[in-house]
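User: I am new to this structure and would like to go through it with you. Could we look at it together, one piece at a time?

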Amino acid sequence: MTDPLLIAGTKLDSRLFVGTAGYPNQQVLLDSLAASGASLVTVSIRRISLEGYAESLVDLLGGRYRILPNTSGCVTARDAILTAELAREALETDWVKLELIGDRETLYPDVEQLVHAADELVRKGFTVLPYCNEDPVACQKLADVGCAAVMPLGSMIGSGRGIANPAAIELICLRSPVPVVLDAGIGTASDAAFAMELGCDAVLVNTAIAKSHDPRRMAAAMRGAVEAGRLARLAGRIPERAFAEPSSPQLGLVGS
Amino acid sequence: MTRLRINGVEAEVAVTTIAELLAARGIDPKARFLAVAVNGAVVRRTEWPAAALSCGDEVEIVRPLQGG
């Protein structure tokens, strides 16, 4: 398959990125990641529990995946930048999923702070993948300050509401000089396929897999959906028509 | 004794360097996938044995965990 995903010059074999949060247990997490075929997974950065040092998640992942640390939970640029720097130190990667939250109920990004933090992190040599809103202007600003990709939300994190504003996602994909990763709100496989059909280069899914009834099976479904959506996009769909257009030939009809 | 704020919690500890602090907390300083910041600045692990801690310092000790 000669359709590689390139982000910051790095080839990724899978266009499905998967989050590691919220699985019923570690084995289901590992099995789901395997079923997804993902090459890249996200992790958070958190204070170490001082009661004991549980087995490391990264050790569990066994070097099979590229790790993308996030700055989830950060509400200020300063905290996000420090978290990114700690992540770089802990994981020896300069890739970071930049999350800067402006509202705890909706988890919508604070775009103003996000652009500022992205700018500073790019200057510090990070490869920044920002979680952002589905606003073409915000995405352009993020690309302008040097982000390696943009990650607009489909709908609110964990909401499972799919792609609330497909026209906006399509516009962002048309205009973006960097890869577009649909991140947040995917609820089921058809949402992931739809994102790819709209022109996204990849999708990031966490809750839709982790909290489904059968995460391993949903991970496999997402894998198929991303592949199907991408193939459909490359195949070039038919236009939507206002009226019917018969498919069978119109000549030689019996009784005509 | 040094009064520090470690991961948001005030504590009095009988340590003077980051390496000593980690050891006192049962954290292997050679463990991978660990990072430390003091007063908002990351301290690289090569500096842990020498990095001095002073009264009032705010220390963050973090590691990767599940996340989306």
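User: In the hairpin of S1(B) and S2(B), which residue takes a positive phi?
Analyst: B:Asn7 does, with phi near 50 degrees, and the hairpin has 2 residues between its strands. B:Asn7 is not a glycine. Helices and strands here are DSSP runs (H or I of at least four residues for helices, E of at least two for strands), numbered from the N terminus.

User: Before going on, what sort of model is this, and how is it numbered?
Analyst: The model is predicted: local features need pLDDT of at least 70, side-chain atom pairs count only at pLDDT 80 or more, and totals for chains, interfaces and linings use all residues. Residues are numbered from 1 along each chain as its sequence is written, while chains are lettered from A and ligands numbered from 1 in the order in which they are written.

User: How many bridges join S1(B) to S2(B)?
Analyst: There are 5 bridges, and the two strands run antiparallel. B:Thr2 is opposite B:Val13 in S2(B). Two strands count as paired if DSSP finds at least two bridges between them.

User: Let us turn to the two chains. How many residues of chain A are in contact with chain B?
Analyst: On the side of chain A, 26 residues are in contact with 20 residues of chain B. Two residues are in contact if their C-beta atoms, placed from the backbone, lie within 7 Å. The elements of chain A that give two or more residues to this side are strand S4 (40-47), helix H2 (57-61) and H3.

User: What is that side like by class?
Analyst: It has 13 nonpolar, 9 polar and 4 charged residues. Ala, Val, Leu, Ile, Met, Phe, Trp, Tyr, Cys and Pro count as nonpolar, Asp, Glu, Lys and Arg as charged, and the others, Gly among them, as polar.

User: Which strand of chain B is joined to S4(A)?
Analyst: Strand S5 (residues 58-66) of chain B is joined to S4(A) by 5 bridges, and the two run antiparallel. A:Arg47 is opposite B:Val62 in S5(B).

User: New topic: what is the order of the open sheet in chain A?
Analyst: The order is S6-S7-S8, with 3 strands and parallel pairing. Strand S6 (95-98) and strand S8 (151-152) are the edge strands, each pairing on one side only. S6(A) and S7(A) are joined over 4 bridges, with A:Leu98 and A:Pro130 as bridge partners. S7(A) and S8(A) are joined by 2 bridges, and A:Cys132 is opposite A:Pro152.

User: Are the faces of S6(A) covered or open?
Analyst: Both faces are covered. A:Trp95 and A:Lys97 are buried on one side, and A:Val96 and A:Leu98 on the other.

User: How does H4(A) lie?
Analyst: H4(A) lies across S6 and S7 of chain A, at about 175 degrees to S7(A). Axes are lines fitted to C-alpha atoms, for helices over the stretch in contact, and angles run from 0 to 180 degrees between N-to-C directions. H4(A) also packs with helix H3 (residues 77-91) at an angle of about 35 degrees, their axes 9 Å apart. The residues of that contact divide into 6 nonpolar, 2 polar and 1 charged.

User: And where is A:Lys124 found?
Analyst: A:Lys124 is in the loop between helix H4 (111-123) and strand S7 (127-132) of chain A. A:Lys124 is partly exposed, because 13 other C-beta atoms lie within 10 Å.

User: Lastly, how many residues of H7(A) are buried?
Analyst: In H7(A), 8 of its 9 residues are buried, including A:Phe194 and A:Met196. The buried residues pack against helix H6 (166-175), S9, strand S10 (202-205) and helix H9 (215-235) of chain A. A:Gly199 follows H7(A), with a positive phi near 115 degrees.

Conventions: Buried ≥ 20, exposed ≤ 12 C-beta atoms within 10 Å, placed from the backbone.
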